[in-house]
Amino acid sequence: MSTQEQPESASSAYMASKDEGQPISQTVLKAVAELSNRAVIPTDSTTPLPPLYEAIDPDALNTICQRATDDTEITITFTYCGYEVSVENGDEIIVCEKSR
């Protein structure tokens with residue numbers, strides 16, 4: 001991910017920008033994996049994330065975000081793996097622990 005940070009106001013929030021040429025769905029997976037200390041791809045020593053399609057259609061997410069321009073403002077918010085994920089303007093991601 002090209003940029004990432006944890007906002008001061010929320011210790012369990014994570015912000016990231018997608019890499020050029022990378023689908024936004026991959027950036028979402030990487031961000032949630034980083035915040036949750038889980039793996040995108042399972043290994044013997046890590047617990048994998050569930051498939052993204054259980055929360056949102058990754059192809060639809062990628063298509064909508066690819067069509068976002070500087071003149072449009074879009075926000076897509078969904079719950080994935082116990083986190084609230086917001087994709088803003090097609091390339092910015094904010095992942096926050098879902099309030100119970």
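Author: Strand β3 has a covered face, made of Ile 76, Phe 78 and Tyr 80, and an uncovered face, made of Thr 75, Thr 77 and Thr 79. The general idea is that in a regular strand the side chains alternate between the two faces of the sheet. Strands here are DSSP runs of E of at least two residues, and helices are runs of H or I of at least four, numbered from the N terminus. The model is a predicted one, in which local features need pLDDT of at least 70 and side-chain atom pairs count only at pLDDT 80 or more, while totals for chains, interfaces and linings use all residues. Residues are numbered from 1 along each chain as its sequence is written, and side-chain values use heavy atoms, with hydrogens and water left out.

Reader: In what sense do β3 and β4 pair, and over how many bridges?

Author: Two strands count as paired if DSSP finds at least two bridges between them; β3 and β4 pair in the antiparallel sense over six bridges, and Glu 88 in β4 is the bridge partner of Thr 75. The two strands form a hairpin with two residues between them, and Cys 81 in the turn has a positive phi of about 60°.

Reader: Is Ser 86 buried or exposed?

Author: Buried means under 20% relative accessible area, exposed over 50%, and partly exposed in between, with a 1.4 Å probe and protein chains only. Ser 86, which lies in strand β4, is buried with a relative accessible area of 12%. Its side chain joins that of Thr 77 in a polar contact of 3.1 Å, a polar contact being a pair of N or O atoms within 3.5 Å, where within protein one must be able to donate a hydrogen and the other to accept it, and residues adjacent in sequence count only if both atoms are side-chain atoms.

Reader: Which residues of helix α2 are buried, and why are they on the same side?

Author: An α-helix has 3.6 residues a turn, so residues three or four places apart point the same way. In α2, residues 58–66, the buried ones are Leu 61, Asn 62 and Cys 65. They cover an arc of only 95° around the axis, which puts them on the same side of α2; the arc is that of the directions from the helix axis to the C-beta atoms. These buried residues pack against α1 (24–36), β3 (75–80) and β4 (83–88), where contact means heavy atoms within 4.5 Å.
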